[in-house]
Amino acid sequence: MIYRASVLFAVALLGLIFLRLAGGYAERSALRPLAEHYVSQAPLELGVSNIVTGILIAYRGFDTLGEVAVLFMVAASVGLLLRKEEAGRKYTEEGRRKPAGEIVTTGTQVLLPVILTFGAYVIVNGHLSAGGGFQGGAIVASGVMLLLLADPGTRVNAAALSVIESLAGVSYVAIGILGLVLAGGFLDPRFLPPGEAGAFISAGAIPVLSALLGIKVGAELSVIIDRFGR
Amino acid sequence: MLELLLLAVCAGILVSGLLAVCLNNLVAAMVSSGLAGLLASVTFLLLAAPDVAMAEAAIGSGLTTFIFIYALRHAGNGEREP
């Protein structure tokens with residue numbers, strides 16, 4: 001009874017908060033000054049066609065680095081917390097683990113290459129169309145998830161993924177420092193030529209940073225999924 | 001037209017969220033919460049934010065449901081707390 005009452009109370013409080021938020025909402029007819037600045041200046045300054053990726057990697061590059069660091073901490077702590085029971089479970093679990101049905105297995109064989117290719121496409125085309133490193137990395141990781149669903153016996157090589165992920169992180173920071181030395185500041189992608197807007201090789205170092213971000217996010221999420229799948 | 005579609009999708013989010021809370025079968029509740037995430041990503045797409053929609057579809061509805069289901073397998077038979 002007390003449980004029910006406290007849940008209802010919490011829901012009512014949340015509803016009150018959202019009511020206040022929704023009550024003060026009015027649709028804007030023009031962009032805010034900061035958004036206006038980004039929309040007008042990003043294609044000129046960075047030569048990037050997809051402004052969202054430009055903001056994420058150039059203007060807010062440090063925030064993105066922090067996000068990836070948080071994800072790294074999550075992957076590390078999940079690995080640490082779920083490692084303990086491994087030794088005891090190994091023998092009992094192996095017997096009752098059986099592969100998924102025919103439909104899921106065949107579907108995985110058809111879909112997995114498509115999903116991984118799409119993930120790579122989203123990662124490398126982040127500066128031209130919707131997407132970027134974070135989204136593409138998540139798509140690659142969902143491909144790994146499908147693989148683990150179809151055949152639970154599959155093991156991801158977590159050690160190799162950790163090395164790849166660390167290398168990507170180190171290169172990301174190294175490119176950031178290169179931007180500090182050669183261009184305007186930390187993670188400034190303009191030390192490479194901006195190129196022609198809309199071309200595949202353009203927008204300075206943004207595609208490189210996006211690819212490194214995609215590798216890092218994909219590897220981290222794959223390790224997390226593998227840890228849970230055990 | 002867009003407003004009607006948005007309202008329908010948002011109603012879908014509400015219904016699947018309610019189902020996720022009310023269903024007694026935990027696997028069905030997880031699928032329902034994943035459906036809420038998927039419909040949220042449709043909303044982002046309709047509101048012209050494809051970047052956010054991609055991240056939400058991959059993480060919010062895909063990976064989260066997967067992790068919930070595996071956590072359930074580790075935790076036991078899915079009996080509900082009173």
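Two residues are taken to be in contact if their C-beta atoms, placed from the backbone, lie within 7 Å. The model is a predicted one, in which local features need pLDDT of at least 70 and side-chain atom pairs count only at pLDDT 80 or more, while totals for chains, interfaces and linings use all residues. Residues are numbered from 1 along each chain as its sequence is written, and chains are lettered from A and ligands numbered from 1 in the order in which they are written.

Chain B contains three helices and zero strands, so that its elements run α-α-α from the N terminus on. Its C-alpha trace spans about 45 × 25 × 15 Å along the principal axes. Among the contacts in chain B with a separation of 6 or more, 47% join residues 24 or more positions apart. A residue counts as buried if 20 or more other C-beta atoms, placed from the backbone, lie within 10 Å of its own, as exposed if there are 12 or fewer, and as partly exposed in between. By this criterion, 32% of the 82 residues of chain B are buried.

Helix α2 (residues 26-46) and helix α3 (residues 50-75) of chain B form a pair whose axes come within 7 Å and cross at roughly 175 degrees. Such axes are lines fitted to C-alpha atoms, for helices over the stretch in contact, and the angles between N-to-C directions run from 0 to 180 degrees. Angles under 35 degrees count as roughly parallel, over 145 as roughly antiparallel, 65 to 115 as roughly perpendicular, and the rest as oblique. α2(B) and α3(B) are therefore roughly antiparallel to each other. On the side of α2(B), the residues that meet α3(B) include B:Leu26, B:Met30, B:Gly34, B:Gly37, B:Ser41 and B:Leu45. Their counterparts in α3(B) include B:Val52, B:Glu56, B:Gly60, B:Thr64, B:Phe68 and B:Leu72. By class, the contact of α2(B) with α3(B) has 15 nonpolar, seven polar and one charged residues. Here Ala, Val, Leu, Ile, Met, Phe, Trp, Tyr, Cys and Pro count as nonpolar, Asp, Glu, Lys and Arg as charged, and the others, Gly among them, as polar.

Individual residues of this pair may be considered next. B:Gly37, found in helix α2 of chain B, counts as buried because it has 22 C-beta neighbours inside 10 Å. Not counting residues up to four places away in sequence, B:Gly37 touches B:Glu56, B:Gly60, B:Ser61 and B:Thr64. B:Val52 has its place in helix α3 of chain B and is partly exposed, with 18 other C-beta atoms within 10 Å. From C-alpha to C-alpha, B:Gly37 and B:Val52 are 12 Å apart in space and 15 residues apart in sequence. B:Val52 and B:His74, 22 residues apart in sequence, are 31 Å apart in space by the C-alpha atoms.

The loop between α2 and α3 of chain B holds B:Ala48. Most residues other than glycine have a negative phi. B:Ala48 has a positive phi of about 65 degrees although it is not a glycine. With 8 other C-beta atoms within 10 Å, B:Ala48 is exposed.

In chain A, helix α1 (residues 2-23) has 22 residues, which should span 32 Å at 1.5 Å a residue, and its end C-alpha atoms are 31 Å apart, which agrees. The expected span is 1.5 Å times one less than the number of residues. Of the 22 residues of α1(A), the number buried is zero, so this helix lies largely in the open.

Helix α2 (residues 33-46) of chain A has 14 residues and reaches 19 Å from its first C-alpha to its last, close to the 20 Å expected. α2(A) bends by about 35 degrees at A:Ser40, and a proline, A:Pro43, follows within four residues. The bend is the angle between axes fitted to the seven residues ending at a residue and the seven starting there. Just after α2(A), A:Gly47 takes a positive phi of about 70 degrees. The axes of α2(A) and helix α3 (residues 51-59) of chain A come within 10 Å and cross at roughly 75 degrees; the two helices are therefore roughly perpendicular to each other.

Finally, 16 residues of chain A are in contact with twelve residues of chain B. On the side of chain A that touches chain B, α7 (133-150) and α9 (206-229) are the elements that give two or more residues, and α7(A) gives the most, with seven residues. The residues of that side divide into eleven nonpolar, five polar and no charged.
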